[in-house]
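Okay, thanks for coming, everyone. Let me put the structure up, and then I'll walk you through a few spots in it.

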Amino acid sequence: MPAKEVRMDLLEAPLFKAMITNGYLNLKRHLQEVNDLNVFPVPDGDTGSNMGATMSGGVEAMNRLSSSSVSEVSEAMASGMLLSARGNSGVILSQFFLGLSRALHGFDQVNVPQFASAMEAGVKKAYSVVVKPVEGTILTVMREGCEGAKANDGTFPSYFTKLIASMRDSLDKTPELLPVLKEAGVIDSGGAGLVYVVEGMGQAIGGKIIEDVSLDLNGPSQSSIDVSAFTPDTPLDYGYCTEFILQLGSAKQGPERFVLSDCIAFLEGLGDSIVALQEGTLVKVHVHTKSPEKVIEYARGYGEFVTFKMENMTLQHNETLIEKSRHKAFLSRPLGQKKKIAFIAAAPTAEIAKQFEEYGASVTVLGGECMNPSSEAFLEALKKANAETVFVLPNNKNEILVAEQACSCLKEGKGIVIKTSDVAIGIGVASVLDCENQSVEENLAIAENEMKSALSLKIGKTTKSAKIKGTLIEEGNYLGFLQGNAVCYGQDIPSCFRALLHEVEDVGEKEVLTVFFGEGVEEEERRACLKSAEEVSPFLETYSLDGSQKIYQVLALLE
């Protein structure tokens, strides 16, 4: 029997899955290259890693589904990416594929014009989530690539050849649109990541399947568990993270008897952080519970497990407190009765998380600067806050869109993102919020005033050379940042901190300085920094705290 002819003008589900998987694997092979394109001299977020984690969630969700429909496969992929999205680049990428998926809805197979139209819908969706789109970024590469691919011959090889060429051309021109890229001599990192994804998709069209590479995108493995974090006397405060995929079984009349809403109601009686999805006869469940055996018994009444995972969250919580944090949200106090207003906050370390808790944060989301929390982590925290209105302090400019995406997925209550662009400003806002005595509107006004008056000061060690006010700063020096902008430098931390304080025009009018010193900052260096503050402004009330952050040696709030 002759082999089935591959249609070059028609895309079916198996090839679509291969394209998305290939795109992810091609990006994965080039993660470090994309990360290295980060123009910021102090690495505050790795674009490649964030995009890779986002794609990984989409591929994982897609591959769980057995379907011959492009529509169903793309929907599963988009759903997985939505909750796995990390960083601005990850959110934009997830929104692009969400727009693509929505445009493919109802199609079991698609031709080139239909697919091209869906790609353009993805571009529009990606642009829609960015309040002030900046050209010279991944958005530009998306848009110009799709525009340039219109002149094809109606086959997918031709379409992807045009698409990739147009994207590459657009990527090469990004330095002309963004001065910061031109000064650093690099192309846009998000755009580069997108090109690697699309190149991988195009290679699948040509029959080339990329070999996977072993990279850990999700943190430490089971072999790295610190058993000292859970002893015979440790109480099970946080229960078990229980996650599985269930195949509904005909022998148990699962497909006929199983009702997703009933399953959710049952899980709500046993725990929280519930995610339950049904895709045909496959059911995915995620729940935090102290009674996993009841969940297992319930599920096996309808079918059998395809995959199953259960993790001790108390162990994970305790590991977090000894600096083995993984992207988990945890409660700072018992849930209790539902509150009117609460706030949650992202923090790079457990030490800084404690400061947010002291100011009243119901939940903190640990993530760090270079491995940003996902939308799912924020969504989990929003649910755990147990309030009608929850303010979200993302505390990282790369996490604002991620937090907003999580708020949009919240089904009960309302999430409002207060756009704190870094940890220092977030601490300032947290210190003035009054969720018990002030209304939502009053708290938002208070937060807005704090963000206008408070100043963020940061010091980080350069990992590459950089230009500050026309001066070339060699790798290994320290840069001082005022409100996120590099304004000074020094060969050591104290001299850089002194120069940074002198950059503040009205420093003598400020009253309080709160300084979080990072990992590796010696006591002598800390004393020298605080002495500089006293010399610059003798009446400044100064607080010194151990933040243990790894990226910035100094995080400070000046009020």
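**A loop residue, a helix and a sheet**

Let's start with V259, which is partly exposed at a relative accessible area of 35%; partly exposed means between the two cut-offs, buried being under 20% and exposed over 50%, with a 1.4 Å probe and protein chains only. Before I go on: this is a predicted model, where local features need pLDDT of at least 70, side-chain atom pairs count only at pLDDT 80 or more, and totals for chains, interfaces and linings use all residues. Numbering runs from 1 along each chain as its sequence is written, and side-chain values use heavy atoms, with hydrogens and water left out.

Back to V259: you'll find this residue in the loop between helix 12 (254-257) and helix 13 (260-268). Helices here are DSSP runs of H or I with at least four residues, strands are runs of E with at least two, and both are numbered from the N terminus. Q278 is 19 residues from V259 in sequence, and their C-alphas are 9.3 Å apart in space.

Now over to helix 7, residues 138-148. Its buried residues are I138, L139, T140, V141, M142, G145 and C146. Among the elements covering them are helix 3 (47-63), helix 5 (87-103) and helix 11 (189-205).

We have six strands in an open sheet, in the order 16-15-12-19-17-18, with mixed pairing; two strands count as paired if DSSP finds at least two bridges between them. At the edges sit strand 16 (485-490) and strand 18 (541-546), each pairing on one side only. From one strand to the next, the twist averages 20°.

Inside that sheet, strand 12 (455-461) and strand 19 (552-558) run antiparallel, joined by six bridges. There, S456 stands opposite L557. Strands 17 and 18 are parallel, again over six bridges, and V512 has E541 in strand 18 as its bridge partner. To get from strand 17 to strand 18, the chain goes through helix 22 (523-536) in a right-handed β-α-β crossover: clockwise from the first strand over the helix to the second, with the strands pointing away from the viewer.

Last stop: E450, in helix 20 (440-453). Is E450 buried or exposed, and which side chain of opposite charge is nearest? E450 is buried, has no salt bridge, and the nearest such side chain is K510, 8.7 Å away. A salt bridge here needs a Lys or Arg side-chain nitrogen within 4 Å of an Asp or Glu carboxyl oxygen.

Definitions and conventions
Axes are lines fitted to C-alpha atoms, for helices over the stretch in contact, and angles run from 0 to 180 degrees between N-to-C directions. Contact means heavy atoms within 4.5 Å. Lys and Arg count as positive and Asp and Glu as negative; His and the chain ends are not counted.
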